[in-house]
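User: I would like to go through some of the terms used for a structure. Please show it to me.

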Amino acid sequence: MRKRGVDVVHCSSVDNALVLAADALFIGYCDQLGADCGAKVCAKACAEEAVGVLCAAQEGGAKVVEYSELDPAAANETDTVTGELRLNAGNICNHFYKVDFLQMAAQLPTPFHVAKKKIPCVDDEGQTVTPSANNGIKLEMFIFDCFPHSKKFACAEVLREHEFGPVKNAPGSKVDSPDTARALLLELGRAHALAAGATISGNGGVEISPLLSLHGEGLRERLKGKTLESLSHIE
């Protein structure tokens with residue numbers, strides 16, 4: 001990366017349909033703050049939502065506590081003033097890194113996380129079986145485990161309806177499925193098109209190519225006064 005003149009890296013998960021790849025606003029925000037590392041977060045949908053939470057690390061910088069490692073009592077605590085969850089900064093795996101920071105962090109120890117899994121195994125008769133309950137432990141490491149090493153950490157809270165459309169479950173599932181992510185993407189496109197002055201026939205959404213607009217910017221000149229069909233693709 002250094003040979004190619006790369007100074008910063010924007011990293012995101014592949015299972016978020018609303019991610020803004022190489023978001024110049026976020027990258028510029030982190031750079032302006034002089035951050036070596038940063039993350040986008042959004043408010044959790046509920047205490048039980050399967051996302052980690054960003055919080056301050058005892059050793060400095062920031063830290064993500066995975067949902068599987070979060071005590072249920074702590075996850076359900078609310079702020080007495082706002083009524084919101086105290087641990088409400090959901091980590092959506094959307095990060096900023098300086099290359100210098102990554103080089104430094106790569107030399108430092110990274111903790112293992114315990115994940116209980118249903119692991120196929122061989123029974124007493126020598127047959128391969130797939131268990132219905134967790135029967136094994138998988139040791140995992142996460143890219144955000146380097147956060148505590150940050151000397152200047154930047155955090156940006158974003159609207160989940162604009163930037164978080166997770167795909168974690170199978171098609172047909174009520175939450176976090178390809179179907180719900182597609183609906184969020186189309187609804188966001190509809191909102192951008194209406195804000196730009198377009199009219200949409202029907203109740204469905206529209207898809208706007210990220211090559212045309214990321215945040216809805218620059219659409220008025222293209223769409224004002226036009227009527228779009230539901231499920232149109234604008235590019």
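Analyst: Buried means under 20% relative accessible area, exposed means over 50%, and partly exposed lies in between, with a 1.4 Å probe and protein chains only. This is a predicted model, in which local features need pLDDT of at least 70 and side-chain atom pairs count only at pLDDT 80 or more, while totals for chains, interfaces and linings use all residues. Residues are numbered from 1 along each chain as its sequence is written, and side-chain values use heavy atoms, without hydrogens and water.

User: Why is Y97 called buried?

Analyst: The relative accessible area of Y97 is 1%. The limit is under 20%, so Y97 is buried.

User: What makes strand β5 largely enclosed?

Analyst: A strand is a DSSP run of E with at least two residues, numbered from the N terminus. Strand β5 covers residues 89–98, and eight of its ten residues are buried, so the rest of the structure largely encloses it.

User: How do you know that β1 and β5 pair?

Analyst: Two strands pair if DSSP finds at least two bridges between them. Strand β1 (residues 8–12) has five bridges to β5, and the two run antiparallel.

User: What makes β2 and β5 a pair?

Analyst: Strand β2 (residues 37–43) is joined to β5 by six bridges, also in the antiparallel sense. C42 stands opposite G90 of β5.

User: How many aromatic pairs are there in the whole structure?

Analyst: A search finds five. Rings of Phe, Tyr and Trp (its six-membered ring) pair if their centres lie within 6.5 Å; planes under 30 degrees apart count as stacked, over 60 as edge-to-face and the rest as tilted. The ring centres of Y97 and F101 are 6.4 Å apart and their planes lie at 10 degrees, so this pair is stacked.

Definitions and conventions:
Helices (H or I, at least four residues) and strands (E, at least two) are DSSP runs, numbered from the N terminus.
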